[in-house]
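Have the sequence and the 3D view ready as you read.

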Amino acid sequence: MNLDQYLPVLLFILVGIGVGVAPQVLGYILGPNRPDSAKNSPYECGFEAFEDARMKFDVRYYLVAILFILFDLETAFLIPWAAAFKEIGLVGFLFGLEFVAVLTFGFVYMWKKGALDWE
């Protein structure tokens, strides 16, 4: 067994670890660490994290998040359709247009219902 064959693999692993770890170490060493009240405040859902767990929470936050995920995933289905555009022919093209139409009608319906409005 010749160990020279494993040298490229070992170098690839070492470079990968270096590229992944070096920026984090440099950022930790050279980056400023000046936390203040604005940096430590909650930002994702808009309420304090350690209050009463039974407080009322606005459901619009979840609605917007679910709608974003729904339309984002539906849009991701357009990538294979575009990649296989030449092979699918006219029938595949029409089915893709139908999908885009349903997606557009759903988006307009949610917009008209006010599901995307944030007060």
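Let's begin with F71, which counts as buried because its relative accessibility is 14%, under the 20% cut-off. Please keep in mind that this model is predicted. F107, in turn, is partly exposed, at 35% relative accessible area.

The structure contains six aromatic pairs. One of them is F71 with F107: the ring centres lie 5.6 Å apart and the planes stand at 90°, so this pair is edge-to-face. Since F71 belongs to helix α2 and F107 to helix α4, the pair ties together parts that are 36 residues apart in sequence.

Now follow α4 itself, which covers residues 85–113. A straight helix of 29 residues would span 42 Å, yet the end C-alpha atoms of α4 span only 34 Å. Just past the helix, G114 has a positive phi of about 85°.

Which residues of α4 are buried? They include G92, G96, L103 and M110. The buried residues of α4 pack against α2 (60–76) and α3 (78–83).

An unreviewed UniProt entry places the feature "transmembrane region" at residues 6–30, 61–82 and 88–111. In the model, residues 6–30 are 96% helix and 0% strand, with end C-alpha atoms 35 Å apart. Residues 88–111 are 100% helix and 0% strand, and their end C-alpha atoms lie 32 Å apart.

Methods: Residues are numbered from 1 along each chain as its sequence is written. This is a predicted model: local features need pLDDT of at least 70, side-chain atom pairs count only at pLDDT 80 or more; totals for chains, interfaces and linings use all residues. Side-chain values use heavy atoms; hydrogens and water are left out. Helices (H or I, at least four residues) and strands (E, at least two) are DSSP runs, numbered from the N terminus. The expected span of a helix is 1.5 Å times one less than its number of residues. Buried means under 20% relative accessible area, exposed over 50%, partly exposed in between (1.4 Å probe, protein chains only). Contact means heavy atoms within 4.5 Å. UniProt positions are given in the numbering used here, feature names are shortened, and annotations may be inferred rather than shown by experiment. Rings of Phe, Tyr and Trp (its six-membered ring) pair if their centres lie within 6.5 Å; planes under 30 degrees apart count as stacked, over 60 as edge-to-face and the rest as tilted.
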